[in-house]
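User: Could you take a close look at how the strands of this model pair with one another, and tell me how far the prediction can be followed there?

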Amino acid sequence: MRLSRIIMALTVGLAVVAVPTAAGAAQPQPTPSATTDPPQPPPYAPQPPALTINRPTIFLGETVILTGTGFGPNETVDHSVTVTPLAAPAAGKAPARRSDGTTVAMAPVAYQASAPLQFTAFTDAQGRFTKSYKPSVTGLLTFTATGRESGRTATAELRVLPRKQPLPVTGDSIGTPMKLGGGLVGAGAIMLLLTLAWRRRQRFGGAAH
């Protein structure tokens, strides 16, 4: 009798222990795909380098601002400037003229073809820089910017025209105002004579009556 009670107690205990184990085994196990990290976005593509100028055409003596983007952060950017002479008028075409009819003198080629100019600029943490530049020659200027560490390069063009010249004072430009002024003076003299003659006639005509 006692032995049967002991066997029954052991059976009940084993059943109690086996219930949580079976319940845990029945729960769905996470799949390996659910435990892995989500896919990472592709690495950031750097902005392509670019070089811009605030004005495409200027007159000699004026200053422009160069802006570079997409270069390496905190690096030195070397610039070279090549100069191409301004194109002469094509064969059979008249040279450029000012509003007063005078021709625009082209600068000599020897003056135009100067050696490439060199200067540097420094980028910020975002790879950007600004640089002021005042050309000393006329022509089509091509700027090439190259980062020393990154090796990135960009180009931009600027057209520099000869300095503006004041319009010359010619004999024709002076003669026209003088002719106009002389005509006005003559008309005024005639009006004065007619007025005096009319007054004289009125005076003597009144005396006759």
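**Strand pairing**

Strands β4 and β5 pair in the antiparallel sense, over six bridges, where strands are DSSP runs of E with at least two residues, numbered from the N terminus, and two strands count as paired if DSSP finds at least two bridges between them.

Residues are numbered from 1 along each chain as its sequence is written, and side-chain values use heavy atoms, with hydrogens and water left out.

The open sheet that holds β4 and β5 has five strands in the order β2-β8-β7-β4-β5, with mixed pairing. Its edge strands are β2 (57-59) and β5 (117-122), each of which pairs on one side only. Neighbouring strands of this sheet are turned by 30° against each other on average, direction ignored, with axes taken as lines fitted to C-alpha atoms and angles running from 0 to 180 degrees between N-to-C directions.

Another pairing joins β1 to strand β3 (residues 64-69), which run antiparallel and are linked by four bridges; in β3, the bridge partner of Thr52 is Thr67. In a regular strand the side chains alternate between the two faces of the sheet.

The loop between β3 and β4 (76-84) contains Asn74, a residue other than glycine with a positive phi, near 55°. Asn74 counts as exposed because its relative accessibility is 59%.

As for confidence, pLDDT is the predictor's confidence in each residue, from 0 to 100; the mean for the chain is 74, and 51% of its residues reach 70 or more. Confidence is highest in β1, at 98, and lowest in helix α3 (residues 109-112), at a mean of 43, helices being DSSP runs of H or I with at least four residues. Over residues 104-115 the pLDDT is below 50, and beyond near neighbours in sequence this stretch has 20 contacts in the model, a contact meaning heavy atoms within 4.5 Å.

Key:
Predicted model: local features only at pLDDT ≥ 70, side-chain atom pairs only at ≥ 80, totals over all residues. Buried < 20%, exposed > 50% of the residue type's maximum accessible area, 1.4 Å probe, protein only.
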